[in-house]
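Hi,

Here is the structure I promised to pass on. Please open it first, then read my notes below.

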Amino acid sequence: MELATAIKLIEKGVSRMTRPQRWADFGAGDGLFSRALASLIEAESTVYAVDKNSPVKIIGPEGIEIIQQQKDFIKHDTGLSDLDGIIMANSLHYAEEKLPLLKKLTRLI
């Protein structure tokens with residue numbers, strides 16, 4: 001998938017704010033949706049790209065910090081809190097217990 005396509009898929013779900021934001025991309029993989037998200041939020045924002053595998057370094061647009069965490073977010077605490085949003089482009093279907101996972105993750109917002 002191209003970056004432009006990923007941006008179009010998520011842009012309506014990303015609130016435009018005039019302040020820096022903190023988002024998490026759970027199941028970030030190679031970082032395509034982390035980069036798409038980073039292109040939609042204010043400068044000085046942070047995207048936490050969380051994946052159980054260690055992908056190649058994810059480079060976002062200038063002014064946006066992408067912090068990678070190699071963790072299985074389904075089984076382990078990520079240590080994140082006070083997020084403005086969460087993206088899970090292709091990861092929820094891996095969770096056997098979807099509802100408890102969603103409840104856990106919504107507490108991070």
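This is a predicted model: local features need pLDDT of at least 70, side-chain atom pairs count only at pLDDT 80 or more; totals for chains, interfaces and linings use all residues.

**What I found**

**Overall form**

Along the principal axes, the C-alpha atoms fill a box of roughly 35 × 25 × 25 Å.

How much of the chain is buried? Of its 109 residues, 39% count as buried. The accessible surface of the chain comes to about 6,700 Å². Carbon and sulfur atoms hold 50% of that surface.

Now look at the contacts. Take those in the chain with a separation of 6 or more: 52% of them join residues 24 or more positions apart.

**The largest pocket**

Next, the largest pocket. Its volume is about 480 Å³. The lining has 23 residues. Which of them lie nearest the centre? They are G27, D51, N90, S91 and Y94. Sorted by class, the lining of this pocket has 9 charged, 8 nonpolar and 6 polar residues.

Start with G85. You will find G85 in strand β4, which covers residues 85–87. Is G85 buried or exposed? The relative accessible area of G85 is 5%, and buried means under 20%, so G85 is buried.

What does G85 touch, once its neighbours within four places in sequence are left aside? G85 is in contact with R22, W23, A24 and I109.

Then go to H93. H93 is in the loop between β4 and α3, where α3 is residues 98–106. The relative accessibility of H93 is 46%, which lies between the 20% and 50% cut-offs, so H93 counts as partly exposed. Here is another distance to check: H93 and G13 are 19 Å apart in space, C-alpha to C-alpha. In sequence, H93 and G13 are 80 residues apart.

**To recap**

G85 is buried, whereas H93 is partly exposed. G85 sits in strand β4, and H93 sits in a loop. Find both in the viewer, then turn to the largest pocket and pick out G27, D51, N90, S91 and Y94 nearest its centre.

Best wishes

Terms used:
Residues are numbered from 1 along each chain as its sequence is written. Side-chain values use heavy atoms; hydrogens and water are left out. On a 1 Å grid over the protein atoms alone, a cavity is a set of points where a 1.4 Å probe fits but cannot get out, and a pocket is an open set with protein on both sides within 12 Å along at least five of seven lines; lining residues have an atom within 4 Å of a point. Grid points are joined across faces, edges and corners, and a volume is the space filled by probe spheres set on the points. Ala, Val, Leu, Ile, Met, Phe, Trp, Tyr, Cys and Pro count as nonpolar, Asp, Glu, Lys and Arg as charged, and the others, Gly among them, as polar. Buried means under 20% relative accessible area, exposed over 50%, partly exposed in between (1.4 Å probe, protein chains only). Contact means heavy atoms within 4.5 Å. Accessible areas come from the Shrake-Rupley method with a 1.4 Å probe; for residues, only the protein chains shown count as cover. Helices (H or I, at least four residues) and strands (E, at least two) are DSSP runs, numbered from the N terminus.
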